[in-house]
Amino acid sequence: MSDHEVATRLATEAGELLLRVREEFADAEATERKAAGDKRSHDFLMAALAAERPGDAVLSEEGADDKVRLTSQRVWIVDPLDGTREFSELGREDWAVHVALWEDGELVAGAVALPAQGVTLATPDVVTPAAEPGPPRIVVSRTRPPAVALAVRDALGGTLVEMGSAGAKVAAVVQGIADVYVHAGGQYEWDSAAPVAVARAAGLHTSRIDGTPLRYNQSDVLLPDLVVCRPELAEAVLTVTAVEAEVDPAG
């Protein structure tokens, strides 16, 4: 089984597990539902990767960071449940499971499962629909859109699309529901590794907000900012975001 197939299958199966957890804990408190989802998906992915790729290292949001990964050629970067708040709100679909593989300095495979939508987007074959006519759609968080996203909206004459998890936001650009995702509020490698791998396979632009490359399997797993957009919008978006990066160099 190829690495692409492993990523796709494990993300999908973890998502199916999470749907069962959601049903099992439908009458529980939201905090209990979140905790159960995080733990069970993490445990499943760790066991599955140990069985499928026993020689590879793993970096998971829910696990201890084993620094042996820094000397490993192959590292799986996973987020067992991206968007725990959305997962805990019964009926919401904007949450995800991320499974990505980093090898020798690059993301080489990845899958983003959107379990409540019955969809898994995965490398190597991803197709983004043609751009829709009208102003660019910038996908943002439901609660507090980052200033950089508002600056991009104003500069491009765009509109905002509110959505939950980072994986769901990048997936929205891949699916043609949105055109731009810009984030500068702080993220970690597991938040973007699988979504970026999928976006790249779809031919989308991905970078830091200052235009520099996104780098994974670093000692410090903080990767605070991100741009994912249609390639024809990249220059205009980066013209805005690069200024914002200079204003707030910490991201």
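Is Arg 153 buried, exposed or partly exposed? Arg 153 comes out as partly exposed, at 26% relative accessibility; that label sits between buried, under 20% relative accessible area, and exposed, over 50%, with a 1.4 Å probe and protein chains only.

Okay, a quick word on what we're looking at. This is a predicted model, where local features need pLDDT of at least 70 and side-chain atom pairs count only at pLDDT 80 or more, while totals for chains, interfaces and linings use all residues. Residues are numbered from 1 along each chain as its sequence is written, and side-chain values use heavy atoms, with hydrogens and water left out.

Back to Arg 153: its salt-bridge partner is Asp 154, with the closest N and O atoms 3.0 Å apart. By salt bridge I mean a side-chain nitrogen of Lys or Arg within 4 Å of a carboxyl oxygen of Asp or Glu. Asp 154 counts as exposed, at 54%.

The structure has 18 salt bridges. One of them joins Arg 53 and Asp 3, at 3.0 Å from N to O. That pair links distant parts of the chain, 50 residues apart: Asp 3 is in helix α1 (residues 3-24), and Arg 53 is in the loop between α2 (30-52) and β1. Helices here are DSSP runs of H or I with at least four residues, strands are E runs of at least two, and both are numbered from the N terminus. Arg 53 and Asp 3 are both buried. They also belong to a network of salt bridges with Asp 56, Arg 74 and Glu 103.

Let's look at two of them. Glu 61 is in the loop between β1 (57-60) and β2 (74-82), and it is partly exposed at 32%. Leu 81 is in strand β2, and at 1% it counts as buried.

What does Glu 61 touch, leaving aside its neighbours within four places in sequence? Its contacts, meaning heavy atoms within 4.5 Å, are Val 78, Asp 79, Pro 80, Leu 81 and Trp 190.
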